[in-house]
Each structure stands twice: as C-alpha cells, then as structure tokens.
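This briefing concerns a predicted model. It covers backbone features, the packing of helices and the nonpolar cores.

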Amino acid sequence: MTYMIHGATGAQGAPVAAALIAAGKPVTALTRNTDTVVDGAGVLAVDYSSTTDLTDAYRGADGVFVHLPVAPEEDRLAFACNVVAAVREARPARVVFSTSGAIVNTDDTSAVESAVSVLATGLADSGVSHAVIEPRFYLENLLLPHVIAGVREEGVLRYSLPGGFRTSWASHLDIADVAIVLFERPDVTGVVSVGQYPAISGEDLAEAFSTRLGRTVTYEATDPHAFFAPLAPMLGEQATAAIADMYRALSTQPDHDHGRALRPETPRRDTADRGPVAGRHRSLTGIGDAVGCRWGAR
C-alpha cells in the first residue's frame, strides 16, 4: 500500500510527495522518465496515455494525487478519460485531484476547461472516495524570469490580470498542505477551494514587492497572450495559447474571492454549498459522455 503521486518531480507533485515522505508515508513517484530519482520514494514509469499502466499503478494504492499536465487540450481530454477509467477499474482507497488553477465548470465544456470538468465528473461518478482541489492563480508565477526581472530592474510588476481585479492566490505549498489533509479526511468530498483570504489585486501584490524591496513597485496589466508568449518554447504554442485564453476568460468575470470559503469554521461535509471543505457536484453527470469518454457501469 502506498501513495501514488503524479508529477512528483514537478511544481505541484513534489511538495505533496515531500510532505507524505516527511510524515513517514510510503510514496511512489509516477513519472515518464525511468531515470528519475526521488529521495525517500519509489519510482514507477507510468504514462497518462496508457489506461493499463495507470490501472496497474492505482490498484491497491492508499491514495493517488492527480493533476493534468500542460498539453494540448485534446491530449488532456484523453488523459482525463484514461485516469477515470483506471480509477474505476483499480479502485484506490482515495483520489485527490488538483485542477491546477482551472475552474470546475459543470455547465460549460469549453476547450479550456473541459478536461478538468471531465476528470472531476468521472471521479464523482466512480464511487471512489475523492476530493478536487480548486485553486486559482499560483504565487510562484510571480517568480517567472520575465516577471521578476521587471520588478527588480524597472520597478514594474507585469501580469496578465486587469488592474483592480481581486482574486485568491495560492502557493504550490498550500496545495500540498490541503492534499495531505484530504488524504486523511475521506469524509470530505467534492470541490475544495483554496486561496488567499481576503482576495488581493495586482496593485496589492506590487505593494508587497515594494515593502519587500524597499522601493516603489507599480502594477501593469498585460495581454495574456503577450505575457505567456515567452513560455511557448517550453510548453508549446498550443498549450501556451490555451493558458492565455483561460486567463483572458477569467479576467472578464467578477472577482474571484473564493478565499472567503476558507475562514476557520467547522468544515461542512458532503454538502452542495461552497464551504471551507465543501463538496460541489451539482450537474456533473453526463459531461464525460458529451466529449466521448465511456467508462462503463460502476
């Protein structure tokens, strides 16, 4: 029995694996690179494109931590379907899925969010104990070279959100903390929102940089496609454009102050409300069929 961690050498999976290892839990890093070494963990070569590999990895697991890799949405859809099929067949004790910043939208299967919604749908319909972590924007993005260089060299924080737009930021370390708790709390299911409370704007972030650096830093909103263009050589043009489209869509919506749900209250369990650890399934059933996934009977 062990905890299977996707992306255990990456920004999201590594903190989860490290926290579990520190707690004395057995961990297996799921990776496509057979030469990967993760201190304190076993390593298993698993590809998202193989349902058989995923099923073999998940079978008998105490927990599985999943997040979809950055890839063209067509590939992500296939990966989501494969993960769901493997979960339904292998039936691990618990699955925790991080949406990596995308919103679990049960009413819109647009190209930007459909893979995330399909995976959340499949988990909700699988009968396997699970929870979905739904963050918004990652503070680590502010350390991207073309972002931090502007702060240090020009005193300008440039980011792809409108001025005055308030949202709930989080760190990858926050995601890891929540994932560990959710592995230990099988009574908590559905979507768990994670983020800064109260929500903050780009101007607030610039002020924090000003305080840290001891000089004035101002905020400047940039076009999402221009902002993410430097990442295209690493992520690929299609995946980079999808991220930019997601940012553009989110920035046209009301402020995302979902940190309000994270005040220290008594957690609600298996409810339809948004709470500190509240579930939210609503109309999940059927999205998988709409995009061509077939998972069979429970």
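**Backbone features in loops**

Arg91 has a relative accessibility of 40% and therefore counts as partly exposed, since that class lies between buried, under 20%, and exposed, over 50%.

- Arg91 lies in the loop that links H3 to strand E5 (95-98).
- The phi angle of Arg91 is positive, near 55 degrees, although the residue is not a glycine.
- A cis peptide bond joins Tyr197 to Pro198, with omega near 0 degrees.
- Pro198 belongs to the loop between strand E10 (191-193) and helix H7 (202-213).

**Packing of H3 and H4**

- Helix H3 (residues 73-90) packs with helix H4 (residues 114-126) at an angle of about 10 degrees, and their axes are 8 Å apart.
- H3 is therefore roughly parallel to H4, as angles under 35 degrees are classed in this way.
- On the H3 side, the contact residues include Leu77, Ala80, Val84 and Arg88; on the H4 side, they include Ala115, Val118, Leu119 and Asp125.
- By type, the residues of this contact comprise 11 nonpolar, 3 polar and 4 charged.

**Nonpolar cores**

- The largest nonpolar core contains 58 residues, and Tyr58, Val66, Leu119 and Leu157 have the most contacts inside it.
- H3 contributes the most to this core, with 8 residues.
- Leaving aside residues up to four places away in sequence, Val66 touches several residues, among them His6, Tyr58, Val83, Phe97 and Leu119.
- A second, separate core has 25 residues, including Ala8, Val16, Val38 and Leu182.

Methods. Residues numbered from 1 in each chain as written. Predicted model: local features only at pLDDT ≥ 70, side-chain atom pairs only at ≥ 80, totals over all residues. Heavy atoms only, no water. Axes fitted to C-alpha atoms, helices over the stretch in contact; angles between N-to-C directions. Helix = DSSP H or I, 4+ residues; strand = E, 2+ residues; numbered from the N terminus. Parallel < 35°, antiparallel > 145°, perpendicular 65-115°, else oblique. Contact = heavy atoms within 4.5 Å. Nonpolar A, V, L, I, M, F, W, Y, C, P; charged D, E, K, R; others polar. Core = buried A, V, L, I, M, F, W, Y, C linked by side-chain atoms within 4.5 Å. Buried < 20%, exposed > 50% of the residue type's maximum accessible area, 1.4 Å probe, protein only.
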